[in-house]
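Here are some notes for a colleague opening this structure for the first time. Please read them with the model on screen.

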Amino acid sequence: MDFDLSAEQRLLEQSIDSFFTGSFPLSRVRECYDAQLGPLDDLGALHLSEILIPDAYGGGGGTILDVAVAAERLGAACAPGPFLGRALAAYALTTAGSDEQRSRWLPELASGQRRATIAIAEPGGRWSLDALQMGGPRLTGEKQHVLAGDAVDLVVVVLADGLALLELGADGLTTVDTEVLDRTRPMISVVFDGPDHERLAGGADAAERVLQLGAVLVAADAYGGAAKCLDLAVAYCQVREQFGTTIGHFQAVQHQLADLAADVLPARGMYWYAAHAMDCALGDAGGFASLTKAHITERYIAAARRAIELHGGIGYTWENDLHFFLRRAVFDRAYLGPPELHRQRRARSQLAEAPEKARANGQLART
Amino acid sequence: MDLTYGPDYERFREEVRAFLVEHWRPSAGSRPAGAGRAEGSADSGDVALFRQAAVAAGYLYRSVPRQYGGSEQPPDALKARVIKEEFEAVRAPMELRSLGTRLLVPTLLEAGAPWQKERFIEPTITGRITWCQGYSEPEAGSDLASLRTTATLVKGDGEAGGRWVIRGQKVWTSSAHEADYMFLLARTNPDAPKRKGISYLLVPMDQPGIEVRPLRQVTGESEFNEVFLTDATTGADWIVGEPGEGWAVANTTLKHERAWVGDVSESDRLMNSLIRLARQTPGPAGRPWIEDQRMRSRLMEVQGYVEAQRYSGYLQLSRSLKDEPSGPLGLINKISSTNIAERIAAIAIDILGDASLLPHTGARPGAAIGPERWMYQYFGSLGSAIAGGASNIQRNIIAQRGLGLPRDTVLPGE
């Protein structure tokens with residue numbers, strides 16, 4: 001029994017944190033909002049998007065928990081760039097590619113020569129596999145909210161019946177830039193008019209697992225962001241003075257922070273387990289990933305809003321960094337579908353007709 | 001990351017299972033696991049025999065020395081957890097969960113005099129004597145240290161050393177009407193600072209100076225009482241620790257096994273009951289509530305909190321096994337369980353509909369009780385936000401001890 005991160009995973013956390021403290025503080029994240037974001041080569045050199053690519057292809061050979069831990073620290077740092085898209089594309093090629101496809105693409109992805117992202121959503125908020133319309137031999141239609149930037153040039157497309165791989169400049173493919181709320185996650189739309197593409201060997205099951213990993217990584221990002229919002233709020237309340245003392249003395253403030261801590265902090269193990277369940281291919285992995293995504297992204301929204309409130313007027317300014325987190329929280333909540341969609345998915349697996357384990361039979365409501 | 005117990009503990013699990021197969025016949029006791037027994041009655045024959053066997057095998061009262069009726073096992077949180085899982089799986093009775101076993105026995109083990117351990121521990125864990133807790137007073141609730149009940153040592157003629165004479169009033173005293181003894185806090189030095197003048201005394205309940213008046217709770221039932229102490233007395237040596245050390249004695253950090261850390265079995269039980277209620281109760285358009293999309297979403301929202309608490313518990317257990325801290329998580333457990341119970345209560349009354357117009361005891365005497373029995377949980381969940389440290393006190397503790405905010409409020413146990 002050791003439900004905890006390994007020494008290697010703790011080192012990974014520390015190395016990511018020290019990179020952001022030293023080279024990528026929130027003042028540089030601000031470039032997303034106030035300037036043009038420069039190249040992300042130094043962030044890319046951490047090779048976090050390639051953790052899941054096997055050693056044999058030059059990748060990190062890591063586990064889903066490894067990449068989820070990285071996602072948490074990226075969330076805490078509000079890290080810009082298409083990490084999520086690249087990690088999901090790498091996973092798709094690793095788990096759904098044929099041997100030939102893996103040999104051809106994974107070394108190029110691992111070395112960073114080629115950068116792939118993932119295309120999922122179709123117009124009308126269609127995020128889940130059973131709602132997607134694109135599929136079959138000829139691809140037509142539009143994929144929205146495709147993570148982009150940082151020289152992404154390949155796209156793995158999630159289809160109703162599997163996965164396909166395309167070059168972003170291919171004939172029959174048009175990309176449209178879009179404005180985004182969370183500028184740490186630049187996105188494009190991609191319009192398909194029968195472009196050449198190759199199918200990955202894995203089918204709908206493989207596509208489903210890619211979406212599950214997405215839910216886990218978004219939840220991890222959200223945990224990192226939510227816990228960071230709590231930290232920022234606590235730190236501010238320790239220094240901001242009103243009525244002759246720091247506002248952290250006031251019980252109303254303490255109780256808001258305590259409730260926030262109680263809301264957010266227990267959820268860390270939940271995304272750990274969601275990742276672990278995928279690593280071990282446990283039966284409830286899909287439903288649990290969905291429940292985790294719904295739960296933690298809502299906690300993130302609440303944490304970001306409360307942190308801004310506790311900062312008072314300064315929290316409501318563009319110059320304060322907190323809005324980066326609220327925007328990111330809104331992204332995490334909406335990307336891959338809202339909490340409602342994910343709770344209904346978990347409800348289907350948990351509330352299936354089989355009755356609950358009836359341990360509590362007969363002692364119904366007596367506490 | 002490893003959620004398995006490993007071969008040594010799985011072997012131990014097999015031992016526990018074999019023991020249960022040999023010794024536990026579910027028909028022997030009617031009460032389910034974990035429900036414990038009410039204070040005030042000794043074990044019935046079969047259950048008492050089973051517990052004796054379980055103690056002899058080293059499964060119950062593991063932190064209590066053999067000479068006092070325990071099984072005296074080295075602390076091992078994983079073994080304790082395996083025992084709990086296996087006993088619960090077949091609903092075998094575990095340790096009595098009385099106030100005496102939960103609070104007094106660990107305190108005596110830490111701070112009691114040898115004669116006190118000798119005299120009280122074994123009868124307490126077998127249920128032959130029962131205890132009530134005399135802490136709260138009308139003017140000393142969350143601010144317990146401001147208690148006003150006094151105890152004065154009066155040198156008398158009879159007993160050597162005299163007797164403590166106690167005057168004051170205690171309140172919210174569960175089981176006082178059936179308990180044999182009370183462990184109480186009283187002020188023995190009125191001139192000392194608030195926390196320094198308090199002593200921890202053991203007092204027989206059956207005496208003229210003690211009057212117990214039942215208090216009726218919001219549920220309509222009477223499980224706790226007011227206790228009036230009018231020149232009640234107890235022996236001079238019926239004090240645990242030294243005079244003036246009562247505050248520290250009452251807050252003795254218990255070295256018992258931490259198998260219950262972040263335990264979610266109560267939340268699981270409530271959640272499963274709620275889902276069963278949703279299956280069995282007609283909702284919109286006469287279809288079971290469980291088919292209602294919005295209801296399913298609400299159920300899963302609470303399930304999210306239960307799962308967060310479950311894995312927070314595993315994290316805390318793992319850290320405690322390694323003697324590593326788990327930050328504020330341990331301080332959050334109580335409010336998490338309370339919040340879950342309150343969310344469940346809010347969903348339950350929606351499912352109940354018109355049944356929520358009835359008391360939990362049913363519409364008519366003697367008639368079958370339907371889903372309205374949930375109204376007991378509806379009120380009871382509120383009790384958990386108050387009893388054992390009100391939620392607002394828990395928030396102070398989380399903020400000040402967990403998040404490092406300024407300590408303007410004096411917290412319990414400091």
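How many bridges join β3(B) to strand β7 of chain B? Point 2 answers this, after the ground rules.

1. **Ground rules.** This is a predicted model, in which local features need pLDDT of at least 70 and side-chain atom pairs count only at pLDDT 80 or more, while totals for chains, interfaces and linings use all residues. Residues are numbered from 1 along each chain as its sequence is written, and chains are lettered from A and ligands numbered from 1 in the order in which they are written.

2. **Strands of chain B.** The count is 11 bridges between β3(B) and β7(B) (residues 224-235), and the two run antiparallel. Strands pair if DSSP finds at least two bridges between them. Look for Gly168(B), which stands opposite Leu229(B) in β7(B). β3(B) also meets β2(B) (residues 150-154), again antiparallel, through 5 bridges. There, Thr150(B) faces Arg167(B) of β3(B). Helices (H or I, at least four residues) and strands (E, at least two) are DSSP runs, numbered from the N terminus.

3. **Helix α4 of chain B.** A kink of about 25° sits at Val105(B), shortly before Pro106(B). The bend is the angle between axes fitted to the seven residues ending there and the seven starting there.

4. **What α4(B) packs against.** Its buried residues include Leu99(B), Leu104(B) and Leu108(B). Buried means 20 or more other C-beta atoms within 10 Å of a residue's own, exposed 12 or fewer, partly exposed in between, with C-beta atoms placed from the backbone. Their packing partners in chain B include α5 (114-125), β1 (131-134) and β3 (163-174).

5. **The interface.** 45 residues of chain A are in contact with 53 residues of chain B. Contact means C-beta atoms, placed from the backbone, within 7 Å. On the chain A side, α9(A) gives the largest share, 8 residues.

6. **Chain A overall.** Chain A has 13 helices and 9 strands. Its C-alpha trace spans about 70 × 65 × 40 Å along the principal axes. Of its 367 residues, 53% count as buried. Among contacts with a separation of 6 or more, 75% link residues 24 or more positions apart.

Conventions. Two residues are in contact if their C-beta atoms, placed from the backbone, lie within 7 Å.
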